[in-house]
Amino acid sequence: TAEVEEGVACSGGYTGMPTAPFWTDGSHTRKCTLLDEAYVAERAAWLYAAAAEHEGVRDRLGFFLASDALQLNETHASRSSVPLGSPVVGKDGRVVEPWEATLHEDFVEAAKKRLFNKFKMREDRPFWSPWRDSAETADLSIRFLSGAMLQGEFGDLMKTDFFMVIFSILFVLVYMCYHTGCLTLGCLGLLMILLSFPLALFLYVVVFRVRYFAMIHVLAIFIALGVGADDIFVYVNAWRHSRRVATSFEARIAYAHRKTYRAVLATSFTTAVAFFATWVSPVMPVGAFGCFAALAIVMTFALVISFFPAALMIWELRFRRAKCVGCCCPCIGRCALPSVGPEGGGGEAGGGEAGGGE
């Protein structure tokens, strides 16, 4: 047992894991085949005895067994680590760097396929990772982990989740087109939301000098889509209501801008402050994400009171009656944004649609 405690080497691995094998007296000569019960019981008794006598062995052995194994001299759970791989040498005799080699990727992919087939973990279901299935046999439940497999799974999940981003963008676009009654305004509104990202990134990197950008920052697109679409709806509703309280085109612009500015400023300010508050978090990725999300909201507010009103006014004055540009959604049957002529309510725009109402 003295040889057991002194012969354990340390070589890197998962946190808290003694990675080198125990040094034995040489009696362990079996290969990795199915062992008979008597042999397993003998080796287990030897390990438990060594652990009871030496604290160092007890600490190292405890990593691989259940928490109460040393008290019961039996365990209902166990874990092991199998280190794989070695430096890859190219045809020229030069050691190939990890990022240059693909041999390990092929090996990991083949091993993953065998594990999935062994435990019947299905890969043929859309938007479902086979890792969510249980790896079980009739009398054994297994949890396996590989850094290379984990990295590959992360990439696969990112590809799948990207479709959710596209779906969210399309859903917001369709609803904005329905609400405004115009495909052109819906597309311009979506463009306004998307423009908030490069502007926020400029402030994030250049002004605030934050260089950290991770995948969590991409989640800010869902926040910007929700806040930006809501701001556009506020402006569109204010513009529609302005025809009831104003007669001239200029008065309608002033009314809609004033109503939108007050409402959107309050909501954007409180939301941005809430995200800026996460900047004090000791968890750096959380604080960086909060800063970026807050800047995206600020840029969305700036664009909804500048870009979108200008786009709406140009569309109203120049393109509202243009074929295939100012036409409204066929399902609505009329323009959802009734206008007043720039001369104060006369003409086609003012009198022609007054009867339609809202």
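# A tour of the helices, loops and salt bridges

Begin by selecting helix H8 (residues 220–245) and helix H11 (residues 307–319), whose axes lie 11 Å apart and meet at an angle of about 45°. Helices (H or I, at least four residues) and strands (E, at least two) are DSSP runs, numbered from the N terminus. The axes are lines fitted to C-alpha atoms, for helices over the stretch in contact, and angles run from 0 to 180 degrees between N-to-C directions. H8 and H11 are therefore oblique to each other: angles under 35 degrees count as roughly parallel, over 145 as roughly antiparallel, 65 to 115 as roughly perpendicular and the rest as oblique. The crossing of this pair, H8 and H11, is right-handed, which is the term if the near helix is turned clockwise from the far one by less than a right angle, and left-handed if anticlockwise.

Before going on, note that this is a predicted model, in which local features need pLDDT of at least 70 and side-chain atom pairs count only at pLDDT 80 or more, while totals for chains, interfaces and linings use all residues. Residues are numbered from 1 along each chain as its sequence is written, and side-chain values use heavy atoms, with hydrogens and water left out.

Next, select helix H6 (residues 147–180) and helix H7 (residues 183–207). Their axes come within 8 Å and cross at roughly 135°. H6 and H7 are therefore oblique to each other, and H6 passes H7 in a right-handed crossing.

Now go to arginine 209, in the loop between H7 and H8. Most residues other than glycine have a negative phi. Arginine 209 has a positive phi of about 55° although it is not a glycine. Is arginine 209 buried or exposed? Arginine 209 is exposed, at 63% relative accessible area; buried means under 20%, exposed over 50%, and partly exposed in between (1.4 Å probe, protein chains only).

Asparagine 73 also has a positive phi, of about 60°. Look for asparagine 73 in the loop between helix H4 (69–72) and strand E1 (88–89). With 47% relative accessibility, asparagine 73 is partly exposed.

Turn to the salt bridges, of which the structure holds 5. A salt bridge is a side-chain nitrogen of Lys or Arg within 4 Å of a carboxyl oxygen of Asp or Glu. Select lysine 112 and glutamate 109, which form one (3.4 Å, N to O). Both lie in helix H5, 3 residues apart, about one turn of the helix. Lysine 112 is buried at 8% relative accessibility, whereas glutamate 109 is partly exposed at 35%.

Which residue does the side chain of lysine 113 meet in a salt bridge? The partner of lysine 113 is glutamate 123 (3.2 Å, N to O). This pair links distant parts of the chain, with lysine 113 in helix H5 and glutamate 123 in the loop between H5 and E3, 10 residues apart. Select Glu109, Lys112, Lys113 and Glu123 together to see a network of salt bridges.

Another salt bridge joins arginine 125 to aspartate 133, with the closest N and O atoms 2.4 Å apart. Arginine 125 is partly exposed at 25% relative accessibility, while aspartate 133 is buried at 18%.

Last, select alanine 51 in helix H2 (residues 37–53). Alanine 51 is buried, with a relative accessible area of 1%. Alanine 51 and glycine 62 are 11 residues apart in sequence and 8.6 Å apart in space, C-alpha to C-alpha.
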